[in-house]
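User: I would like to learn how to read strands, helices and cores in a model. Please show it to me.

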Amino acid sequence: MKEVMRMKEEPAAPFLRQEKEGLTLYANGMSLRGDLTRMKPRLKAARLRSELLIKAARIKNKEGPLTAVDATAGLGEDAFLLAAAGWQVYLCEKDPLIGALLEDSLSRAVEDPELAEAASRMKLILGDSREFLAEIGFTPDLVHLDPMFPERQKSALVKKKLQLLQQLEKPCDDEAGLLRSAMDAKPQKILIKRPVKGPYLAGIRPSYSIAGSVIRYDCILLQDM
Ligand SMILES: C[S@@+](CC[C@H](N)C(=O)[O-])C[C@H]1O[C@@H](n2cnc3c(N)ncnc32)[C@H](O)[C@@H]1O
């Protein structure tokens, strides 16, 4: 019998292309663009206040604009919600492709009248948040960690977008280091986004958790609130 040799197909390398809608990443037959305009329906004050992230982030009895570090920025959607709620947000993203998409979507957001105010409170740091937090030079009120993509998402569209993000993202190989860096920065609160039934990050039990139907926020308090 004739033996048919199959060449193992190498996946094509991901590439970025500037398009009129914005910088677009292509990989494995899928495309991805940072798009903060998707957040517009979530920005109305009442809706924003009811967001699980905003409830979990709240710090009582503290005056003035509060400062957060989103140490795992991704495409910046969680950071954007915090900024829309009035937080000054430093976002760190270590993956250069995701970082480029985020930088591009932020530059479009500052030109959009509905997004500009929140976007102006967001400062992007392209690099590893463990290094940023080690040399931060101020005490943030909050550090937000979301090192893992939640497995369950509702819409097929989101699922497709997540598929590509999940392919790009290497699994967090240093959960303990990430959490330690957050703790060493001495914020009042560390907020960790997890799948609702997911394990604690680095196995560390939080002070308390707030759960929605799909995700859970584990809150670690480092100072009295
Ligand atoms: C699940 S995504 C975050 C999604 C984000 N919360 C959002 O709303 O779009 C996790 C991201 O964290 C990034 N990341 C993981 N560890 C990091 C680190 N030590 N420093 C900076 N970015 C990191 C990954 O590259 C990935 O883009």
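Analyst: Begin with pairing: two strands pair if DSSP finds at least two bridges between them. Helices (H or I, at least four residues) and strands (E, at least two) are DSSP runs, numbered from the N terminus. Here β1 and β2 form a hairpin with two residues between them. This is a predicted model: local features need pLDDT of at least 70, side-chain atom pairs count only at pLDDT 80 or more, and totals for chains, interfaces and linings use all residues. Residues are numbered from 1 along each chain as its sequence is written.

User: In which sense do β1 and β2 pair, and over how many bridges?

Analyst: Strand β1 (residues 15-19) pairs with strand β2 (residues 22-27) in the antiparallel sense, over five bridges. Within this pairing, Gln18 stands opposite Leu23 in β2.

User: Why does β1 lie largely in the open?

Analyst: A residue is buried if 20 or more other C-beta atoms lie within 10 Å of its own, exposed if 12 or fewer, and partly exposed in between, with C-beta atoms placed from the backbone. Of the five residues of β1, the number buried is zero, so the strand lies largely in the open.

User: How many residues of α3 are buried?

Analyst: Seven of its eight residues are buried, among them Asp78 and Phe80. Gly86, with a positive phi near 105 degrees, follows α3.

User: Which residues have the most contacts inside the largest nonpolar core?

Analyst: A nonpolar core is a set of buried Ala, Val, Leu, Ile, Met, Phe, Trp, Tyr and Cys residues joined through C-beta atoms within 7 Å. The largest one has 49 residues, and Leu82, Ala83, Val89 and Ala182 have the most contacts inside it. Helix α3 (residues 77-84) gives the largest share of this core, six residues.
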